[in-house]
Amino acid sequence: MSNTDRKLANLYRQVIRKADALRSLIVAASKFIHDHPELGEQEFECSQRLVDELRAHGFQVEMPIGGMPTAFRATLKGRRTGPTIAFLAEYDALPTVGHGCGHNFIGTASAFAGIVLSDVMNSLNGRILVIGTPAEETIGGKITLLEAGIFADVDVTLMVHPSTETRIYYSSLAAQVIEIEFRGKPSHAAASPWLGINALDALVQTYVAIDNLKKQLSPSVRIPGIITYGGARPNIVPERAVGQFSVRAESSAALSDVIKKVKACARGAALATRARLSFRIIDRRYDEMRSNRTLASLFENRWRALGGQIRESSLKGRGSVDIGNLSHVIPAIHPSIAITNPETPGHSREFAHAAISPRANCELLRVVKTLALTALDILTQKQALKKIRAEFQLQRSAKSK
Ligand SMILES: [Zn+2]
Ligand SMILES: [Zn+2]
């Protein structure tokens, strides 16, 4: 073993030792976020908790950033300039099911992946960022931060998501929520319904038409919907009815095509009922996730070497994530990490419970180490970033053809 190899091996060992030493602090931070579920854009206590930990370990923190009060960027500089690696921290919860998506795990993993590198960065070239990215479940905070230029100087982004399976190379669906509103005319619903125009009928017809449409589409397309307003009282012909549909497809291009077909379903119902129709785009479009295979394989090697298992599950469908948009601009990964059995539904109280279980905490520590060691690979192996970029450019040009 050469002197340089020995030095490198020492760096890796030092990072693992640091993570082990911080175990109780890591678990406590995850529990704190779990115990304080805050909805998107209101994650004041949780973002502050992570910022406090990062500052205590030598990070320079800017907060707020990108016009988002609960977003932050924490920076730890190395000896000289080099690759900039960003760990992305999420910490928003869901209404009624708290941390049913397990973002307590994500925020803690990303913040501490940065923190465990704090003792070794003075001997390395490059920069570690921990970026606090709010509101993943609603407005897509990462898209806001991307548009605000927060990622302009970032070379790679890494994060993980707790799940019912462990899948390193993750893909997600492009998604867009669309609101459909019908306006009708009120009338006595029993004495003179023929004098009214029933907006709820139009919406129900649309709901059924969309359900029928699914049979004509690729099996990966998803169009779950809800009715958010269906009338004031049963004895008045509903004057107004509103529904929201989350349209999801394999890619943004496929999504645009499905949205056209969904709109056609609503137009048909408007024609049949004489109700007036309007559409509104809710939240931003989430692009499909394009994981970088080179980066994913660096992660996978470290994960396996630390005793991590790969458990892909055929029961697991795909969701949509706001890192999808980032992954089209910067090489990114978003591995899923199993913290519970495949039958546990996501976005549920059971999943929230699992997100703080002893199993989750054990995987959390392994994730902190794996993320940090993957960053070390990029900072210490000259070829690593070159290969990641080459794959990214190739994927980009293939998609634009
Ligand atoms: Zn979620
Ligand atoms: Zn999530």
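## Contacts and overall form

Of the contacts in the protein with a separation of 6 or more, 80% join residues 24 or more positions apart. Two residues are in contact if their C-beta atoms, placed from the backbone, lie within 7 Å. This is a predicted model: local features need pLDDT of at least 70, side-chain atom pairs count only at pLDDT 80 or more, and totals for chains, interfaces and linings use all residues. Residues are numbered from 1 along each chain as its sequence is written, and chains are lettered from A and ligands numbered from 1 in the order in which they are written.

The protein holds 12 helices and 12 strands. Both are DSSP runs numbered from the N terminus: helices are H or I with at least four residues, strands are E with at least two. The radius of gyration is 24 Å, close to the 21 Å of the globule rule for 401 residues, so the protein is as compact as a globular protein of that length. That radius is taken over C-alpha atoms, and the rule is 2.2 Å times the number of residues to the power 0.38. The C-alpha trace spans about 90 × 45 × 40 Å along its principal axes.

## Two domains

Domain 1 covers 3-172 + 289-400, and domain 2 covers 174-285. These bounds come from an automatic or database domain assignment. Six residues from domain 1 and five residues from domain 2 form the contact. On the domain 1 side, two of the touching residues are nonpolar, four are polar and none is charged. Here Ala, Val, Leu, Ile, Met, Phe, Trp, Tyr, Cys and Pro count as nonpolar, Asp, Glu, Lys and Arg as charged, and the others, Gly among them, as polar. The domain centres, taken over C-alpha atoms, are 38 Å apart.

## Burial and core

Buried residues make up 49% of the 401 residues. A residue is buried if 20 or more other C-beta atoms lie within 10 Å of its own, exposed if 12 or fewer, and partly exposed in between; C-beta atoms are placed from the backbone.

The largest nonpolar core has 110 residues, and A109, V368 and A372 touch the most other members. Helix α11 (residues 358-380) gives the largest share, 11 residues. At least three residues come from each of domain 1 and domain 2. Such a core is a set of buried Ala, Val, Leu, Ile, Met, Phe, Trp, Tyr and Cys residues joined through C-beta atoms within 7 Å. Leaving aside residues up to four places away in sequence, A109 touches V160, L364, V367, V368 and L371.

## Strand β7 and its partners

Seven of the 10 residues in strand β7 (residues 174-183) are buried. β7 pairs with strand β9 (residues 240-249) in the antiparallel sense over 10 bridges. Two strands pair if DSSP finds at least two bridges between them. F182 stands opposite A241 in β9. β7 also pairs with strand β10 (residues 276-286), antiparallel, over eight bridges. There, R183 has R276 as its bridge partner.

## The six-stranded sheet

An open sheet of mixed pairing runs in the order β1-β2-β4-β3-β5-β11. Its edge strands, β1 (60-62) and β11 (332-333), each pair on one side only. Strand β5 (residues 156-158) and β11 pair in the parallel sense over two bridges. L158 has I333 in β11 as its bridge partner.

## An exposed loop residue

S314 lies in the loop between α8 (293-305) and α9 (323-327). Why does S314 count as exposed? Because S314 has 7 C-beta neighbours inside 10 Å. S314 and E165 are 149 residues apart in sequence, yet 9.1 Å apart in space, C-alpha to C-alpha.
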